[in-house]
Structure formats: structure tokens, C-alpha cells
Amino acid sequence: SLPPRSALLPSANPVDVVAGTRVTLIDNGMPVVVLLASDMGIRGDETREELDANSDLKARLEKIRLTAGPLMNLGDVGEKTVPKMTMVSPPRHGGCVSTRTFIPHRCHATIGVFGAISVATACLLPGSPAAEVAEIPEGASKTLAVEHPSGALEIIMEIGDGARLPEIKRAAFLRTARKLFEGA
């Protein structure tokens, strides 16, 4: 029998097929639909401008988003900004995974903290689309850099062994700062 629905996996599955596309419906702080960039016909390293100009991609993402909303217990999401739509691909700059996120109809310059935590969690789910392309370090405590168009957000995850899926014991993000200028 399937495990009960949960806040983390609203459908109770690490993988669902929504509008003909394999996805992970996940909410570890932010409701996100995680799907492979390659399944959407893109590489995953395109610029925001390229993706925003791709009307076929945007229409397909919206169809998936509108179908996923009720499956994630969000109801009709036609007028909402959730769930976020995050396409994942192999990392390009030494991180865990590369992302392109639509909120809801435009490609975002970065990825939100809670969205990144949800995506990093999806990377840890065996068989999920994200796990197929993610580079996961060994050990129970992991730092997972979620790459986005303008950099990366580092997520710290502590996991344990669950009966069917890893148990997420702790998720946090690493805040960094850089000096912008020095005044006289």
C-alpha cells in the first residue's frame, strides 16, 4: 500500500506523471514541481531571456502547473504563484544540480531559499527526476549547491535512513556575503 499523503510529498510519491511528464511534487517549505529540463526539450543552461521567449515551453509548464496544483492540495492555482516550476539538469559549476525556475510564467533570476530546499530534498529521493541528474556528496550531512542563472544557493541537509525514503532531519541554507565596495 502507498504511504499516506504528507506535507513533504503531497501525492505520497517521489515520482508522478502529470500531463504526460515525470515530476516530483514536493513541499519542503515551498510547493515545487521538479522536472527534468531534458523532458521539456531544453538543455537547462539557457538564459532567462531564451526561456521567457519559448512560448511552447511556457505553455507546457503551465499545463503541468495547473494539473499539479490540485494534486498538491493547493486547489485551483490559475491565479496563484505556486507551485513553482523548477526544471533540473546536471550541475555545470561544481554544485549538486542546475535549475531554471518559473514563478509562475517567467524564468526567475535565482531560486528562492525555500524553493532551493525543496529542490535539494527532491535530489535525495531515489528514482526522482532530480536524483537522476544530481551530484550528491556522501555522508549523512550534505552541502548541496543548487545552481541557478545567477549563481548558487547552498543548502545543508542532514538525513537519516527511512523505511522507504530518506528521512530529512534538518534542512538549512548557508548565507554568504561579499563586500560590494569600500568607502573613504
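Hi everyone, let's start with a pair of side chains: Arg65 and Glu62 meet in a salt bridge, 2.8 Å from N to O. Keep in mind that this is a predicted model. The two residues sit three apart in helix H2, so about one helical turn separates them. In general, an α-helix has 3.6 residues a turn, so residues three or four places apart point the same way. Both Arg65 and Glu62 are buried.

Now the helix itself. H2 runs over residues 55–71, and its 17 residues reach 25 Å from first C-alpha to last, close to the expected 24 Å. Its buried residues also include Leu57, Leu61, Ile64, Ala68 and Gly69. Among the elements covering them are strands E1, E2, E3, E4 and E5, along with helix H1. After H2 comes Asn73, with a positive phi near 65°.

Back to salt bridges: the count is seven. Arg43 pairs with Glu46 at 3.7 Å, N to O, and Glu46 is buried at 8% relative accessibility. Arg92 pairs with Asp45, with the closest N and O atoms 3.6 Å apart. Shared partners join Arg43, Asp45, Glu46 and Arg92 into one network.

Cys96 is buried, at 1% relative accessible area. Cys107 is in no disulfide either, its nearest cysteine sulfur, in Cys123, being 17 Å away. The disulfide count is zero. Thanks, everyone!

Notes:
Residues numbered from 1 in each chain as written. Predicted model: local features only at pLDDT ≥ 70, side-chain atom pairs only at ≥ 80, totals over all residues. Heavy atoms only, no water. Helix = DSSP H or I, 4+ residues; strand = E, 2+ residues; numbered from the N terminus. Expected span 1.5 Å × (residues − 1). Buried < 20%, exposed > 50% of the residue type's maximum accessible area, 1.4 Å probe, protein only. Contact = heavy atoms within 4.5 Å. Disulfide = S-S within 2.5 Å. Salt bridge = Lys/Arg side-chain N within 4 Å of Asp/Glu carboxyl O.
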